[in-house]
Amino acid sequence: MAIKRSREEKYERESNEEELNTFHKKRIAALEVNQAGDQKRNDPDGTMATAMAIDEDLHSRQLAVYGRDTMRKMASAHVLVSGLRGLGVEIAKNLVLAGVRAVTLMDDSPVEAADLSSQFYFKDSDIGEPRARSCAAKLQELNPAVKVSVAPSPSAEECTFLSAYNVVVCTDCPLDRAKAYDSFCHAHQPPIAFIRADTRGLFAQVFCDFGPDFVVNDVDGEEPQVGIVSSISNSGPALVTCVEEERLEFQDGELVQFREVEGMSELNDGKPRRVKNVKAYSFELEEDTTNLKKYISGGLVTKVKEPKTLSFRPLADCMADPGDFLLCDFAKLERPALLHVAFSALDEFVKRNGAMPRPGKTSDQDDFVKICHEVNASLSQQSKGGFQKQELDEEVLKVFAAVSSGDLSPMATFVGGIVAQEALKACSGKFHPIFQFFYFDSAESLMEVPSPEDCQPTGSRYDGQIAVFGQKFQQKLEQLNAFVVGAGALGCEFLKLLAMMGVSCGKDGQLSVTDDDTIEKSNLSRQFLFRQNDIGRSKSEVAGRAAQGMNPALKLNSLQNRVCPETEDVFNDSFWEGLDVVINALDNVKARLYVDMRCVYFAKPLLESGTLGPKCNTQVVVPGLTENYGASRDPPEKQAPMCTIHSFPHNIDHCLAWARSEFEGHVEKNPAQVNAYLDDPNAYSSNALKQADGQTKEQLEQVVDALGKSKCQTFSECVVWARRVFDEYFYNRVSQLVYTFPEDAKTSNGSPFWSPPKRFPRAIKFDCKDPAHMMFVRSASILRAQVYRIQLPDWCSDEQQLQQAADSYKTPEFQPRSDVKIETDPKATSRVSSSLDDSSVVENLLKQLEPLGGELDAKFRLEPITFEKDDDTNHHMELITSMANLRARCYSIQEVDKLQAKLIAGRIIPAIATSTAVATGLVCLELLKVIGGAKVEAYRNTFGNLSLPLFAMAEPIPPKVFKYKDMSWSLWDRWIIEGVDLTVQGLLDWFTAKGLTPYSISAGPSLVWNSLFPKHKERLGKPVLEVVQTFAKLEIPADRKHFDLVVAVEDDDGEDIDIPLVSVKFK
């Protein structure tokens, strides 16, 4: 305590101005050293950033969004975050996770109890301490590669200290000071990006100024489309036709580039060419090709992304002439202009009164509305037509005033994700920034303004939320029984949000979280509750403990079970029936659909969300009010035909899909088949004889090969095996393919067989001096040794010895065969076809296996290896990358590096912390509506794309309602019939009384009664419970009080009617 007190006294004694100058002089000096020789602070050419190493294991998901160049630019940026309440810490958190070079925090104001409503790094013991200093260490833990420091707050007039930064982000900054800061940043050379952001209760504002000439290098982050050329005319303008594989997304006036065009090779000069008259599979060039060579074949055409220059205006100029606002909710088109007035008026109110409008004080609300009218008139007068005088909605303005002193974690999380992304855009030129104002509100989350007594501060950590919703609502939140499914990126944010909101923090509250996964290094760049020393531990356990550290009152139950049919003994009826709300934080559709099904069955609200790179979506599912998650499905992803993958690839994705498949065959599936045979040869043989098809034959051939010709006992034999496989893949198979289909081959209709999109391949001979060849041999040999449990010798990593071993293998001369059938049908689903002699071949292979298995030690087993993309030391991606690139080389397809290969072959889902924050913040705003019992028109489903930026909010779709006579129902309804001794006839009578004619009853997959079967009449007098247990073999859990039936019925006209699920209660 003495040390702490002396530091406080020292801090109070020192001149703030002197400390400020000293600190920023050091910052500027360090910046000059780091950027020596650099002409522009934002390093547009990446000259400085190229020297910065990126931890690709840590940032692999983020690299999939930004790419290396953008990450390097971000890693050279210094960002100042001023204001460290909830919004400020959210912004800083996202920037640190993203990997900027340095984040400086500036906020000397003391921590207040109400700050704990949204500032997740503050504890009770921090109250009275400077905000920035109280959270700096926690922010530093998120990413040791980012320097997090604290700067003292300057005097009101001081601006020169801003020169030390590339981006300045201000929260809780008065308008006059914000104007001064922005004016300095705008005039600075080079310009310093300036962002001002605030959340006031359920309302938020964001302003961006990135300078007079800001260049956006990539406006949307989408991969430029590539078309496969099939013809180009010699004409002016030239008509270019593409293969009808994928519709062209080019737009008239855009630029394209050509490559690999045969014949009209002049187009391969790399020059961008403008297009017009774009159709689904063709376009015209604004160029005369009459005198160019005649087109022969091939060619790829790629859209060229053009940089866009934006001219931002300073805040002082924009207030009276704000331009177009970024819209998000089309049900509130007039709201942004109203909020522009409201936020300006709020600054004026604080200036006059020295504080925000007080919760529950109608006099403050009335005064605020008067100031709004004054500001509205003043802005209109100053604007000279740029800002029209608004028709002010005084009811909304009163709500604004009533909640403006509130501080909500969901708002801070949502806006913090947006603002952090804007700062990253300013650093890198990646994605289109907000130009220039964005206003947002979730006034619908407030069902009614609480009474003056209900919204008064209590001195608790929830005062920021009580100021908006009141104490009674807060008590509701604290008693909730909630279930978070998943503790990854979304789950971490949700747990933080729920802890801040006080959800399940009361005596009878309970928050359950489950996740069967463990923490990996790649999680750390966005799953912010995890640290380096947590790798390998349970996600739900670590995340739950971290959330309780943020709010010790949180009643948490951390589970490590997957939510699926197999765990219904854990997540049983009583568990689901006791829930108030379910929040999905999952990363796959199958799991989402299962949870959705359970929520429909038990009539529980479900809050759904997901992210994909900079995109995110949210969906609220409320029993009886909205459709469920499974009511609409995305179309299935288009899959490349089997024959394309195995014989006719035309892009690197095909090569990587083939490489992944072959990899898994060699190191996982084939060894598993060998072990299955060795475990029980008789059972394996019996099953093979029963199947006796083409696939069984191929599996047996692999097992025979693995225990016979290709069995390895030394590492040298593994190298020889790798050499043989190399020849088979890249010489023999390619040679056979071009023998079967020569370059001049024709199809049955006389057209060239090797026409686009097919690419004519050329075989590769092994060359030990080629790094790609040796990468294949090295990684394949090492993995083969691991499969056969062979100890790796020291020389396995010696390139020279490996080359000698590989080169010692003498390749036998390949002789193509005329009887080989190569599948060319794009509809074929298997490259192995069945034939009449499969049975005899299988018998012969089993005979060959008997002596091979008999020679082995009884304990001999292979070691199947499961693919793991995120461990760069295991040689998995090394082998897949080399295989894919060698195959690409055979087909003259552009090769990729290991990172690109990992993203595609590893099926890595692009992910960044900012879109996760946006999605979870929006979901928790919907949670507030669910708890408040909102009507359907208050809810919002959202699709967001931070790269554009775009936020599209819409009212949820109501469920489909079925009607019959005086009855109506939806999927949310379940017909419950009471009766321990209910007979089958009694059940039929129940339906007949409703004017419905039942004709079939099923329990699970079994039919228990049907009107067409005479024998079923015997069951009519028996209890339904006895019938389902006897004939359907239905097993009912001990704690379940009912069983479910599917009853098929007809109406009076004999037409089928879909009715709800029927539950019979027998306890």
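## A guided tour of the model

Start by selecting Arg789, which sits in the loop between helix H23 (771-787) and helix H24 (799-807). Helices here (H or I, at least four residues) and strands (E, at least two) are DSSP runs, numbered from the N terminus. Arg789 is not a glycine, yet its phi is positive, at about 55 degrees.

Before moving on, a word on the ground rules. This is a predicted model, in which local features need pLDDT of at least 70, side-chain atom pairs count only at pLDDT 80 or more, and totals for chains, interfaces and linings use all residues. Residues are numbered from 1 along each chain as its sequence is written, and side-chain values use heavy atoms, with hydrogens and water left out.

**Zoom out**

Now show the whole protein chain, with its 30 helices and 31 strands. Along the principal axes, the C-alpha trace spans about 95 × 90 × 70 Å. Colour by burial next: 55% of the 1067 residues are buried (under 20% relative accessible area; exposed is over 50%, partly exposed in between; 1.4 Å probe, protein chains only).

**Another positive phi**

Select Glu260, in the loop between strand E10 (255-259) and strand E11 (273-276). Glu260 is not a glycine either, and its phi is positive at about 65 degrees. With a relative accessible area of 31%, Glu260 is partly exposed.

**Cis peptide bonds**

Go to Gln189 and Pro190, joined by a cis peptide bond with omega about -5 degrees. Pro190 belongs to the loop between helix H6 (175-187) and strand E5 (193-200). Then select Phe435 and Gln436, where a cis peptide bond also has omega about -5 degrees. Gln436 is in the loop between helix H11 (409-428) and strand E15 (437-441).

**The negative patch**

Finish with Asp366, Asp367, Asp393, Glu394 and Glu395, which form a negative surface patch. Patch residues have over 30% relative accessible area and no salt bridge, with like charges joined within 9 Å and nonpolar side chains (Val, Leu, Ile, Met, Phe, Trp, Tyr) within 5 Å. A salt bridge is a side-chain nitrogen of Lys or Arg within 4 Å of a carboxyl oxygen of Asp or Glu. Helix H9 (362-383) and helix H10 (394-403) each supply at least two residues of the patch. Where is Asp393? Look in the loop between H9 and H10; Asp393 counts as partly exposed, at 36% relative accessibility.

Conventions
Areas by Shrake-Rupley, 256 points an atom, 1.4 Å probe, with all protein chains shown as cover. Lys, Arg positive; Asp, Glu negative; His and termini not counted. Charge placed at Lys NZ, Arg CZ, Asp CG, Glu CD.
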